[in-house]
Amino acid sequence: MNKTERQLAITLELQRTKLIRAEDLASQFETSVRTIYRDIQALSEAGVPIIGAPGHGYSLMEGYFLPPVSFTAEEAVSLLMGAKFVEQRWDAAYGIEAKSAQRKIEAILPEAIREATSRVQETMRVLHPMGPDTTLLVRTYLSDIRNAIFEQRKICFMYLKKMPGADGKRSSQRVVAPYGLTLIRENWVLLGRCDLRQDIRHFRLSRMTELSVLEERFLLPPDFDLNQYQPPDDRNEHVLVRATSDVADQIREVLHFYIDHVQEEEQRIVFDFRVRNPEEIVHHLLGLGGDIEVMEPQSLRIRIREIANDILKHY
């Protein structure tokens, strides 16, 4: 990055961030603090209204905005492909805005860049198959929850758990203070404090029904940061499975989240899965048929045998 590019990038960063230190700018642009001081001085002399607060950092005078900037073909493609992703996976309101953003970006591109962008896009395509997390209901819930997060209102819904609880039931009513939404392995997941569990819990939107936004408000904990949040890993049980090489790649693709260790033998591969409960992966293991053998735990071996015997009764 040359001096001109760096100074433009610094101005954009100041426009994006209310206050930033010279040390942070130097780290971001991989240069010295002294160079940042010189860049700030040059920008000020060029008429950019930069305010320096000793001991705090730099900021732009309120109301100052850069004129429209130009994009390279690669930058334009990144923005347009990102907009297409939002259109497909977010709720209807953001889908409309994503289309609008695409039109605006394409409208300001110079003809040469627009042609180059079109050529690149012809070789790339964003596709997301329809599934439980792309249904109209989920996208509606996505919009409702997003609004509830902004307004800091609690939500109420019926939730279908993957496995029955201690009472043998899978469905329960939940009242939750919604903290944030995240897309995990193609599934929209809500993070929020559950009144029932009195702790932060994760809820897949595709397992929700009867969702409503309540009048009751909540306060987001000051120390909660969605981008820094790491859920506790409570996968404490191990499952050992011996598999043929024919299905090894399939296992790595489908069950990669659970894999803790892999050991290759002469003709077989042993997978060590770490799970909360072996039942989580039973249906995956059954789908692999005779190409796998559950080694441990013994309770899961018995469970697989029982299911196999039940299947055999139908044939």
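Q: Hi! Leaving aside its neighbours within four places in sequence, which residues is Asp39 in contact with?
A: Hello! This is a predicted model, and in it Asp39 touches Lys3, Arg6, Gln7 and Ile10, once neighbours within four places in sequence are set aside.

Q: And where does Asp39 sit?
A: Asp39 belongs to helix H3, which covers residues 33-45.

Q: Is Asp39 buried or exposed?
A: Asp39 is buried, with a relative accessibility of 2%. The cut-off for buried is under 20%, so Asp39 qualifies.

Q: Let's switch to strands. How do S1 and S2 pair?
A: Strand S1 (residues 50-53) and strand S2 (residues 57-60) run antiparallel to each other, with four bridges between them.

Q: Now rings! How many aromatic pairs are there?
A: The count is ten aromatic pairs. One of them is Trp90 with Tyr94: the ring centres are 4.9 Å apart and the planes are at 75 degrees, so this pair is edge-to-face.

Q: Why edge-to-face for Trp90 and Tyr94?
A: Because an angle over 60 degrees counts as edge-to-face, and the planes of Trp90 and Tyr94 are at 75 degrees.

Q: Are those two buried or partly exposed?
A: Trp90 is partly exposed, at 27% relative accessible area. Tyr94 is partly exposed as well, at 31%.

Q: What about Tyr179 and Phe224, how are their rings placed?
A: The centres of the Tyr179 and Phe224 rings are 4.9 Å apart and the planes are at 55 degrees, so that pair is tilted. Tyr179 is in strand S4 (residues 171-184), while Phe224 is in the loop between strand S7 (208-217) and strand S8 (237-244), so the pair ties together parts that are 45 residues apart in sequence.

Q: Are Tyr179 and Phe224 buried or exposed?
A: Tyr179 and Phe224 are both buried.

Q: Which residues do ring pairs link into a cluster with Tyr179?
A: The cluster joins Tyr179 with Phe218, Phe224 and Tyr229 through ring pairs.

Q: Time for charges. How many salt bridges does the structure hold?
A: There are 21 salt bridges. In one of them, the side chains of Arg235 and Asp233 meet, at 3.0 Å from N to O.

Q: How accessible are Arg235 and Asp233?
A: Arg235 is buried, with a relative accessible area of 8%, whereas Asp233 is partly exposed at 43%.

Q: What ring does Arg235 lie over?
A: Arg235 lies over the face of Phe257, 4.5 Å from the ring centre.

Q: Last topic: how many residues does the largest nonpolar core have?
A: The largest nonpolar core has 21 residues, and those with the most contacts inside it are Ile251, Phe273, Ile281, Leu285 and Ile292. The elements giving two or more residues to this core are S8, helix H8 (248-254), S10, H9, strand S11 (292-296) and H10.

Q: Which element gives the largest share of this core?
A: That is S10, with four residues.

Q: What is Leu285 in contact with, leaving aside its neighbours within four places in sequence?
A: Leu285 contacts Val241, Leu255, Ile292, Val294 and Leu300.

Terms used
Residues numbered from 1 in each chain as written. Predicted model: local features only at pLDDT ≥ 70, side-chain atom pairs only at ≥ 80, totals over all residues. Heavy atoms only, no water. Phe/Tyr/Trp six-rings, centres within 6.5 Å; stacked < 30°, edge-to-face > 60°. Buried < 20%, exposed > 50% of the residue type's maximum accessible area, 1.4 Å probe, protein only. Lys NZ or Arg CZ within 6 Å of the ring centre and 35° of its normal. Salt bridge = Lys/Arg side-chain N within 4 Å of Asp/Glu carboxyl O. Core = buried A, V, L, I, M, F, W, Y, C linked by side-chain atoms within 4.5 Å. Contact = heavy atoms within 4.5 Å. Pairing = 2+ DSSP bridges.
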